[in-house]
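Hello,

Here is the structure for you to look over. My notes follow below it.

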Amino acid sequence: MDQHRQSRADRRRLHAEPGGEERRRGLPLNVTCLSQVVDGDLVVIVRDPIAADNCVAARDSILNHLREHREKLVRLDLSACTYIDTPGLTVLVEVKKFLVAEGRALVLENPSRPVMRMLNITMLNRVFSVRYTNQDEHRIPSSYPRPKD
């Protein structure tokens, strides 16, 4: 096929890296999660981005931590999560459904700016409880328009 007649997607596929791994560069395929009990609440810390490539691994990792502990309130710390896309948001919704079915509650704690931006764009900021434990709240974009000066 003539190089000039190919679409950009076809050219990308033609020059893809060996191994067939066409994914966003720099995103890990696994998601690291840590959990600990703090003041009677389970805190699950997500340390990697959640994207289409690793959303199944992210869901499994988070749910494994939730199954190990039975605390009523789960605080999902997303301060180290630097990227999330629509499948990643789906993971958060699935985690919330899992916890609600067990009579437990979920709070998103310290979401990073990109995560909060996606929550605002999709209006999921109205579905999830969001809590900030540090002083960075003023840096997070809001879905509400700013008042004119």
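Gln-36, leaving aside its neighbours within four places in sequence, is in contact (heavy atoms within 4.5 Å) with Asp-41, Leu-42 and Val-43. Gln-36 is found in strand E1. Helices (H or I, at least four residues) and strands (E, at least two) are DSSP runs, numbered from the N terminus. At 42% relative accessibility, Gln-36 counts as partly exposed, because that label covers values between buried (under 20% relative accessible area) and exposed (over 50%), with a 1.4 Å probe and protein chains only. Its C-alpha atom is separated by 9.2 Å from that of His-65, 29 residues apart along the chain.

A word on the basis. This is a predicted model, where local features need pLDDT of at least 70, side-chain atom pairs count only at pLDDT 80 or more, and totals for chains, interfaces and linings use all residues. Residues are numbered from 1 along each chain as its sequence is written, and side-chain values use heavy atoms, leaving out hydrogens and water.

Next, the sheet. It is open, with five strands in the order E1-E2-E3-E4-E5 and mixed pairing. Two strands pair if DSSP finds at least two bridges between them. Strand E1 (33-38) and strand E5 (129-131) are the edges, each pairing on one side only. Neighbouring strands are turned by 25° against each other on average, direction ignored. E1 and strand E2 (residues 41-46) run antiparallel, joined by six bridges. Cys-33 stands opposite Val-46 in E2.

Then the helix pair. Helix H2 (residues 55-68) packs against helix H3 (residues 86-101) at an angle of about 25°, with the axes 9 Å apart. That makes H2 roughly parallel to H3, because angles under 35 degrees count as such, over 145 as roughly antiparallel, 65 to 115 as roughly perpendicular and the rest as oblique. Axes are lines fitted to C-alpha atoms, for helices over the stretch in contact, and angles run from 0 to 180 degrees between N-to-C directions. On the H2 side, the contact includes Ile-62, Leu-63 and Leu-66. The H3 side includes Val-91, Val-95 and Phe-98.

Last, helix H4 (residues 113-121). Its buried residues include Val-115, Met-116, Met-118, Leu-119 and Asn-120. What covers them includes H3, strand E4 (105-109) and E5. Just after H4, Met-123 takes a positive phi of about 60°.

Best wishes
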